[in-house]
Amino acid sequence: GPAPALHVAAHPPGGRGRLGRTRTTPPRTALLGSLLLRPDVPREALSWLPLLAGLATARALRATAGVEAVVKWPNDVLVPDPGAGEPAPLRKVAGILAEVLPDGGVVVGVGVNVAQRRDELPVPTATSLALAGAATTDREVVLVALHEAFGEVLARWQDAGGDAHAAGLDADCAEVSATLGTRVRVERVAGGDVLGLATGLAPDGGLEVRLDDGTTTVHHSGDVHHLRPHD
């Protein structure tokens, strides 16, 4: 398929977060871009898109900024923040929003905190590439890396007809996941929390959680919180 079209906003007036949250950023400190995609894959395969976007973003940041980027399911990109504690806690450096359009196209919005100082961050659980000690905070360099990583991941996905498993992309997503193997609390959209061990990715990209009674549940939405072992 055609290469993804990329639109970049230096300072969007009202960035929208997941679940309708609003985001504001100081001018020129963040990189915010939107990819318009028309992936030639079955519609049901689109559930993988947020995870693939997280994978591509983590890879781009590892390659250019030299940070150990990981992904909190499904697509929050985290990096160790040495200035926020010892050992360095994982903090959110990039957020991703994927929206399917009525015509079958998809818009993937990516926001990366690049140069913010600590007092400029939107929430205490966030960080920036600068605070994470990145090798570069050049937004153009990061943008080119994002474009290349998205192109490579999406091409593999399309070549496999949208089958993430056949493309080996499910294993790649698992490899960069900060969620798998940790105890999690899933706040479900429908209400009620689920506690358990995140054990794997379902065939459609959902998060498999093994409850304390040994049953496994699969989650496709909701906020996931990583718990410390004693929580």
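Helices (H or I, at least four residues) and strands (E, at least two) are DSSP runs, numbered from the N terminus. By that definition the protein chain has 3 helices and 13 strands. This is a predicted model, in which local features need pLDDT of at least 70 and side-chain atom pairs count only at pLDDT 80 or more, while totals for chains, interfaces and linings use all residues. Residues are numbered from 1 along each chain as its sequence is written, and side-chain values use heavy atoms, with hydrogens and water left out.

**Confidence**
- The mean pLDDT (the predictor's confidence in each residue, from 0 to 100) of the protein chain is 89, and 87% of the residues reach 70 or more.
- Residues 10-22 have pLDDT below 50, and this stretch has 24 contacts (heavy atoms within 4.5 Å) in the model beyond near neighbours in sequence.

**Helix α1**
- Helix α1 covers residues 49-65 and reaches 23 Å from its first C-alpha to its last, close to the expected 24 Å, which is 1.5 Å times one less than its number of residues.

**Gln116**
- Gln116 lies in the loop between β8 (106-113) and α2 (139-159).
- Gln116 counts as buried because its relative accessibility is 1%.
- Its side chain makes a polar contact (a pair of N or O atoms within 3.5 Å, one able to donate a hydrogen and the other to accept it; residues adjacent in sequence count only if both atoms are side-chain atoms) with the side chain of Asn113, at 3.0 Å.

Definitions and conventions
Buried < 20%, exposed > 50% of the residue type's maximum accessible area, 1.4 Å probe, protein only.
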